[in-house]
Amino acid sequence: QVHLVESGGGLVQAGGSLRLSCAASGRTFSSYAMVWFRQAPGRERDLVAAITWSTGSTYYADSAKGRFTISRDNAKNTVYLQMNSLKPEDTAVYYCAAGQELVPEGMAYWGKGTLVTVSP
């Protein structure tokens, strides 16, 4: 059974940092992209960053460029999202997902999410 388990969310002041982790298990994800999405209350689920297991190629939403870094540890089957210079508008539930197209509908597997709250 496939599991994606996020951790690392919490409350942080604006300007602070958090590192989210996504531990993956249950299958080989080498042909998948691992993607972080986020969803704020009343908003759609938006892509934040993505990385491929095989090559480590990355993609960032404009809102994440220069502040967030996605990385992976193949040995640990874990993907990370380092978030720096956090802003109140980064407040959302952050979801880890695995799939082959960089849209929510293209994800085959989802974690349950971890809440990030950024206070002013």
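In this predicted model, both Lys65 and Asp62 are exposed. These two residues form a salt bridge with each other, their closest N and O atoms lying 3.2 Å apart. The structure has 3 salt bridges in total. Side chains of opposite charge can pair when their charged atoms come close.

The other pairings to consider involve Asp90, which is found in the loop between S8 and S9. Asp90 counts as buried because its relative accessibility is 1%, and the cut-off for buried is under 20%. With Arg67, Asp90 forms a salt bridge in which the closest N and O atoms are 2.7 Å apart. This pair links distant parts of the chain, since Arg67 sits in the loop between strand S6 (58–60) and S7, 23 residues from Asp90. Arg67 is likewise buried, with a relative accessible area of 11%. Shared partners among the salt bridges join Arg38, Arg67 and Asp90 into one network.

The link to Arg38 is a salt bridge of 2.8 Å, N to O, between the side chains of Asp90 and Arg38. Here Arg38 belongs to strand S4, and the two residues are 52 apart in the chain. Both are buried.

Attention now turns to the nonpolar interior. In soluble globular proteins, nonpolar side chains tend to be buried together. The largest nonpolar core here comprises 28 residues, and Met34, Trp36, Leu81, Met83 and Tyr94 have the most contacts inside it. Several strands each supply at least two of its residues, among them S3 (18–25), S4 (33–39) and S9 (92–99). Another core, of 7 residues, lies apart from it and includes Val35, Phe37, Leu47 and Ala97.

Note on methods: Residues numbered from 1 in each chain as written. Predicted model: local features only at pLDDT ≥ 70, side-chain atom pairs only at ≥ 80, totals over all residues. Heavy atoms only, no water. Core = buried A, V, L, I, M, F, W, Y, C linked by side-chain atoms within 4.5 Å. Buried < 20%, exposed > 50% of the residue type's maximum accessible area, 1.4 Å probe, protein only. Helix = DSSP H or I, 4+ residues; strand = E, 2+ residues; numbered from the N terminus. Salt bridge = Lys/Arg side-chain N within 4 Å of Asp/Glu carboxyl O.
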